[in-house]
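Have the model open alongside as you read.

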Amino acid sequence: MKTLCFIFFLCFMSIQISHASKLYVNPTTGNDDSTGRNINYPIKTLNKAGAVCVNGDTIFIRGGVHTGIKQTFFRSNNQDGWVYIMPYFGESVTLVGYAAIDSLWKAILTIESSKNIYIKGLNLI
């Protein structure tokens, strides 16, 4: 019985994990018409990443100093699981907001009506 329960647990976890994926964002060279699921074709904005991410996704921002950043992150899908936002492995990410054309008082990154978001390792100027 314990073996059967353990096998069921492993099957359940593999189903949950299989939906998690990676999204790639490059605010400088990305394109929001891309799916962002391929490292060679990143999306441009965290706005788009929020719209397409699913529970368990990791959103990797490609390294560099990205200027003119004023973005809103809004998860439009089920929010029961976590989404992770961080630099791509070994890269440094700096988001610079002061060069943005719109309002000087708007935040560099706004998290709107969303929960279970883990942000790590971003430099905000």
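Gln 71 is buried, at a relative accessible area of 8% (buried means under 20% relative accessible area, exposed over 50%, partly exposed in between, with a 1.4 Å probe and protein chains only). This residue sits in strand S4, residues 71-73; strands (E, at least two residues) and helices (H or I, at least four) are DSSP runs, numbered from the N terminus. Leaving aside residues up to four places away in sequence, Gln 71 touches Lys 44, Thr 45, Leu 46 and Asn 47, plus Ala 107, Ile 108, Leu 109 and Thr 110. Contact here is heavy atoms within 4.5 Å.

A word on where this comes from: it's a predicted model, where local features need pLDDT of at least 70 and side-chain atom pairs count only at pLDDT 80 or more, while totals for chains, interfaces and linings use all residues. Residues are numbered from 1 along each chain as its sequence is written, and side-chain values use heavy atoms, with hydrogens and water left out.

Now for strand S2. Thr 58 and Phe 60 point one way from S2, Ile 59 and Ile 61 point the other way, and all are buried. As background, side chains in a regular strand alternate between the two faces of the sheet.

S2 pairs with S1 in the parallel sense over 4 bridges, where pairing takes at least two DSSP bridges between the strands. Tyr 24 has Phe 60 in S2 as its bridge partner. To get from S1 to S2 the chain passes through H2, and this β-α-β crossover is right-handed (with the strands pointing away from the viewer, the path from the first strand over the helix to the second runs clockwise). S2 is also joined to S5 by 4 bridges, and these two run parallel. There, Phe 60 stands opposite Met 86.

What about charged pairs: how many salt bridges does a search of the whole structure find? It finds 2, counting a side-chain nitrogen of Lys or Arg within 4 Å of a carboxyl oxygen of Asp or Glu.

| Salt bridge | Closest N and O atoms |
|---|---|
| Arg 37 with Asp 57 | 3.0 Å |
| Arg 62 with Glu 91 | 2.5 Å |

Arg 62, in the loop between S2 and strand S3 (64-67), and Glu 91, in the loop between S5 (83-87) and strand S6 (93-96), are 29 residues apart and link distant parts of the chain. Glu 91 counts as partly exposed because its relative accessibility is 27%. In the other pair, Arg 37 is partly exposed at 32% relative accessibility, whereas Asp 57 is buried at 0%.
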